[in-house]
Amino acid sequence: MAAQSGRGEKPFHIISPVLESLPLSQAAGTKVYMKLENVQPTGSFKIRGIGRLCQEAAKKGCRHFVCSSGGNAGLAAAYAAKKLGLPVTVVVPSTTGPATVRKLEELGAKVEVSGQVWDEANRRALELAQTEGWVSIHPFDHPLVWQGHASLVWELKDSLETKPDAILLAVGGGGLLAGVVAGLHQVGWQDVPIVTAETRGAHSFHAALAAGRLVSLPDITSVAKCLGAKMVAARALECAQECQVISQVVEDAEAVRAVEQFLDDERMLVQPACGAALALLYTERLQRLQREGQLRTPLASVVVVVCGGGSIQAAQLRALKSQLGLE
């Protein structure tokens with residue numbers, strides 16, 4: 001059930017492992033399961049939804065995909081395009097690292113650099129998508145993307161003996177959140193609270209919740225560039241009405257420390273966007289939320305979505321530590 005894309009064809013994602021983490025459990029004071037999306041073929045959860053969207057677009061006669069991305073969505077679109085035998089153009093902002101550009105090109109994508117932040121790259125992608133036969137593959141704001149991501153929750157239901165007391169995940173544009181909420185409704189787990197993490201300077205979801213409406217950040221100042229959408233999808237705000245969503249903002253330094261600690265603890269290198277969710281565990285945010293009455297006490301178990309590590313290398317981690325004065 002879990003890995004079905006819904007129409008019979010084989011999806012491009014794998015059923016990712018669910019593993020208990022003793023170091024994270026110790027830090028959080030409760031049993032922590034990791035949903036290891038970093039082992040997907042493209043290094044992140046994005047292949048679930050973007051693979052699904054690309055498959056459907058190909059069926060409808062798409063001749064060329066175009067995707068705007070800071071990294072992971074582009075890698076997913078390039079991988080799906082290669083599988084489908086179609087060309088793809090990925091528009092990236094100038095902050096995208098050379099290693100990510102190289103990976104995209106190795107997958108056969110044509111890479112175009114446009115703008116300083118994802119929002120500007122997306123404007124260019126939408127221009128290109130006006131070309132006849134070209135289809136825009138949105139990195140997070142499309143119902144088929146959310147449907148694809150919902151498969152993650154079906155897999156959790158298949159893997160865990162009982163439902164978790166909370167799911168922890170990072171929010172960039174809101175696609176993962178929308179997919180998880182869809183999945184929770186589908187499996188009857190809609191009462192499971194979701195704790196979202198963003199880094200300060202990329203906290204467009206937190207700002208929108210505080211304002212009660214969509215808010216555009218003046219700029220993306222966080223080092224977690226994969227969280228860098230100035231405004232979240234409207235669907236993300238709706239999700240907060242449909243499920244209990246507890247929004248948390250962590251500092252860049254906390255996210256990068258979490259990346260390093262996770263590398264030591266679990267021998268896996270993930271990017272700062274993923275470090276934001278891990279930081280909730282390493283900085284005792286769960287215990288604080290329990291003291292505040294936002295999460296139940298005791299928690300039997302929680303799941304953290306280890307969303308990805310497709311756009312990070314050891315040298316980048318060293319550079320981030322140096323930039324943030326963490327040496």
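Rings of Phe, Tyr and Trp (for Trp, the six-membered ring) pair if their centres lie within 6.5 Å, with planes under 30 degrees apart counted as stacked, over 60 as edge-to-face and the rest as tilted. The structure is a predicted model, in which local features need pLDDT of at least 70 and side-chain atom pairs count only at pLDDT 80 or more, while totals for chains, interfaces and linings use all residues. Residues are numbered from 1 along each chain as its sequence is written, and side-chain values use heavy atoms, with hydrogens and water left out.

**View A. The aromatic pair of Trp-118 and Phe-140.** By the ring rule the count comes to one aromatic pair. The ring centres of Trp-118 and Phe-140 are 5.1 Å apart and the planes stand at 50°, so the pair is tilted. Trp-118 belongs to helix H5 (residues 118–128) and Phe-140 to the loop between strand E6 (134–136) and H6, so the pair ties together parts that are 22 residues apart in sequence. Helices (H or I, at least four residues) and strands (E, at least two) are DSSP runs, numbered from the N terminus.

View B. Contact (heavy atoms within 4.5 Å) links 27 residues of domain 1 with 22 residues of domain 2. The two domains bury about 2,000 Å² between them, 54% of it on carbon and sulfur atoms. Buried area is the accessible area (1.4 Å probe) that two parts lose on being put together, summed over both. Of the area that domain 1 buries against domain 2, Thr-42, Ser-44 and Leu-144 supply 27%, more than any other three residues.

**View C. The salt bridge of Arg-48 and Glu-155.** A salt bridge is a side-chain nitrogen of Lys or Arg within 4 Å of a carboxyl oxygen of Asp or Glu. Two are found across the interface of domain 1 and domain 2. The side chains of Arg-48 and Glu-155 form a salt bridge at 2.8 Å, N to O. Helix H6 (residues 143–159) gives eight residues, the largest share of the side of domain 1 that touches domain 2.

**View D. Backbone at Pro-298 and Arg-267.** The peptide bond from Thr-297 to Pro-298 is cis, with omega near -10°. Pro-298 sits in the loop between helix H12 (285–291) and strand E10 (301–306). Arg-267, a residue other than glycine, has a positive phi near 60°. Arg-267 is placed in the loop between helix H10 (252–266) and helix H11 (272–282).
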